[in-house]
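Have the model open beside you as you read.

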Amino acid sequence: MKIGLVCPYNIAKGGGVQEIVRALRLRLEQRGHEAWIITPRPRDVGNTDLTGVKLIGQATDFRSPLHTTTQLSASVEPEEVDNLLQQEKFDVLHFHEPWVPHLSRQILSRSDSVNIATFHAKVPETLMSRTVAKVVTPYTRSVLKYLHELTAVSDAAAEYIGGLTDQPVTIIPNGIDLSVYTHRAVAKPNNVGRKTIFYIGRLERRKGVKYLLRAYQMLSQDHDDISLVLAGDGPERAKLEAMASEMQLADVTFLGHVSEEVKLQLLASSDVFCSAAIFGESFGIVLLEAMASGLVTVAGDNSGYTSVMRDLGALSLVNPHDTTEFARRLELLLYQPDVRKLWKNWALKYVKQFDYERVVDQYEELYKEALKSHKAEA
């Protein structure tokens, strides 16, 4: 098959969708397919690896309802789209976040391929998002008529699109490369000395880091052998650093942006990973990374994280606003060795279903079935 993976976001910057699209392209190629990423031309490509990438149109900065800034497609000349489709003649076009203007719709309206969509994001239940949804929904409806198959990474991600169509939505989860993490999980030392709580991610309001600081303060009143390491940057960093200082929190470190290698080292050497996100999560890849690393996890009980932390993983879920319960959950998963062992054994088995190879199996099968149906209808 010849497959085009349409990504509306800046491929030169990191991000969950970009990472998944790159992983999907690589593994499809390894299976003998020809796969290309179709994405807006960034303002600055830098040293980005553009193997298997076709740049089209231009990207511009966009501030989302979740208060994050990214670059996405601003304009694409129709002739550029026509030339691309005529030259490449894709069997399948796989659109990631097709509701994001404008690239996907411009390609969809001209596509003769089998068109498949994956919805990654969860629309948060806030007044702001409801207002935005009123603007986005008519645009999204105009896109749906071109799509042959709909998928979403979780029930939370499927919720919005499921309310706009009677067409079934297939759940295919996000994935990770387990081989990157599992050898570290095996080598992870037993708890000795100080116990480290680790967070990595954007420092923005929806990530709930201020609630983690409050729970850490309460926990540290009873335990003097803990530390908190926060990796990542964002608009809330200065405010959070000031908050930690005002609360006179000991052993709290803000690392800022860290490399992938440093992230892996921190996942392997910490005792608990904690993400207290309060909304806007559709899945939670970082939870899978922590699990695969053998790192016990505490997570906010938003709908996206809840879709990942099933079965015994529900023990990890906590309401970040409830500081007392939050601190108790951290304490339980830091200091009870039997609980930690039980949780780790469960996680290392559970996370196997999210290996990229299994995820790509599901997409590959969907492509084949969609092509059969499309040919039968032609």
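## Ground rules

A residue is called buried when its relative accessible area is under 20%, exposed when that area is over 50%, and partly exposed in between, using a 1.4 Å probe and protein chains only.

The model is predicted, so local features need pLDDT of at least 70 and side-chain atom pairs count only at pLDDT 80 or more, while totals for chains, interfaces and linings use all residues. Residues are numbered from 1 along each chain as its sequence is written, and side-chain values use heavy atoms, with hydrogens and water left out.

## Salt bridges across the chain

Searching the whole structure gives 26 salt bridges, each being a side-chain nitrogen of Lys or Arg within 4 Å of a carboxyl oxygen of Asp or Glu. One of them joins Arg31 to Glu364, at 2.7 Å from N to O. These partners sit 333 residues apart, Arg31 in the loop between α1 (16-30) and β2 (34-41), and Glu364 in helix α14 (residues 356-377). Helices here are DSSP runs of H or I with at least four residues, strands are runs of E with at least two, and both are numbered from the N terminus. Glu364 has a relative accessible area of 12% and is therefore buried, whereas Arg31, at 26%, counts as partly exposed. Both residues also belong to a salt-bridge network that links Arg27, Arg31, Asp177, Glu357, Asp361 and Glu364.

Glu80 is partly exposed at 27%, and Arg41 is partly exposed at 28%. Glu204 and Arg206 form another salt bridge, with 3.0 Å from N to O; Glu204 and Arg206 are buried.

## Helices α7 and α8

How do the axes of α7 and α8 cross? Helix α7 (residues 209-220) and helix α8 (residues 237-246) have axes that come within 10 Å and cross at roughly 15°. The axes are lines fitted to C-alpha atoms over the stretch in contact, with angles from 0 to 180 degrees between N-to-C directions. The two helices are therefore roughly parallel, a label for angles under 35 degrees.

The contact (heavy atoms within 4.5 Å) involves Val209, Lys210, Leu213 and Arg214 of α7, together with Leu240, Met243 and Ala244 of α8.

Terms used:
Angles under 35 degrees count as roughly parallel, over 145 as roughly antiparallel, 65 to 115 as roughly perpendicular and the rest as oblique.
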